[in-house]
Amino acid sequence: MPPEDPPPDFVEVLARAFDVLRAVAEPDVATAADVASVVGLPVRSVRRVLSTLERTGHVRVGRGGVALTPAVLDLGCAHVQSLPLDEVVGPHLRALADRTQASTSMARLERADVLYVARISTSRIVAPDAEVGTVLPALATSLGKVLLAALDPDEVDEVLAAPSRSPVAPRWAPDRAEREQVLDEVRRRGWAATDQHLSAGIQSVAAPIHDHRETVVAALNVARCSGGWPFEAWVSATVPDLLATAQAVTVELRPLSALPHVRLGGLSMWLEDRLEV
């Protein structure tokens, strides 16, 4: 079958430029003649394309041959930056919410608060209800306990010295000794559980999300209204699934976190040194 004719608005020279870029990326391609052999164009035409790409900063042409420059990463990073966070972690949160029949959320630390960056709510109301963009006092939430436990005690003092932007006044206000005892327990077991520390009736468990350097950059939780199963039984039944989901999200985000200048939707990972996903 003969190849289809390109549409009227097809720009052949642009298509050739992308063909040349792909050819330069191949391991055994080092010269303009090599590129010409791969793309099936005259060497003279390939040299013109390479000269243009060199001027745009996407290839380097020298005595060592032709090579891509780091500028080509911008093409891929632009796509990653445009991804809504929900497209990356949403399926994991939805599946966890379906299995546990409870709300699931992902948040990062913002000074003394947690900032919700992804959220799947169930039909069961959990008050105060949260949505993407909601801030809640970090120390009173399971999400916040996980994120604070990733810090040194002195850093925790500094973070919690900042005023909270949340309108919710937590029920739990521990002294420093009690707070560190709780956070030490979170560090030891690798997850946090909270029984009505934020508001009456709210119970939750949370686990950390790590970047490619194993830094905790976010946390994922499951939250429910109290009742039904006893709290301890619910935690025991929920934590294994939570940890498996947190690991799956970590695996999903880890390759993206190694890219330069990446933001991922509302998470704004890697904006600060701590978050250099």
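I took a salt bridge to be a side-chain nitrogen of Lys or Arg within 4 Å of a carboxyl oxygen of Asp or Glu. The model I looked at is predicted, so I kept in mind that local features need pLDDT of at least 70 and side-chain atom pairs pLDDT 80 or more, while totals for chains, interfaces and linings use all residues. Residues are numbered from 1 along each chain as its sequence is written, and side-chain values use heavy atoms, with hydrogens and water left out.

**Salt bridges**

I searched the whole structure and found twelve salt bridges. I then looked up D157, which forms one with R179, the closest N and O atoms being 2.5 Å apart. D157 lies in helix α7 and R179 in helix α8, so this pair ties together parts that are 22 residues apart in sequence; helices here are DSSP runs of H or I with at least four residues, numbered from the N terminus. D157 also meets R176 in a salt bridge, at 2.7 Å from N to O.

Buried or exposed, what is R179? I noted R179 as buried, at 9% relative accessibility, where buried means under 20% relative accessible area, exposed over 50%, and partly exposed in between, with a 1.4 Å probe and protein chains only. D157 is partly exposed at 26%, and R176 is partly exposed at 41%.

I next found R179 paired with E180 at 3.6 Å, N to O, and E180 is buried, with a relative accessible area of 10%. Salt bridges that share partners join D157, R176, R179, E180, D184 and R187 into one network.

Methods. Helix = DSSP H or I, 4+ residues; strand = E, 2+ residues; numbered from the N terminus.
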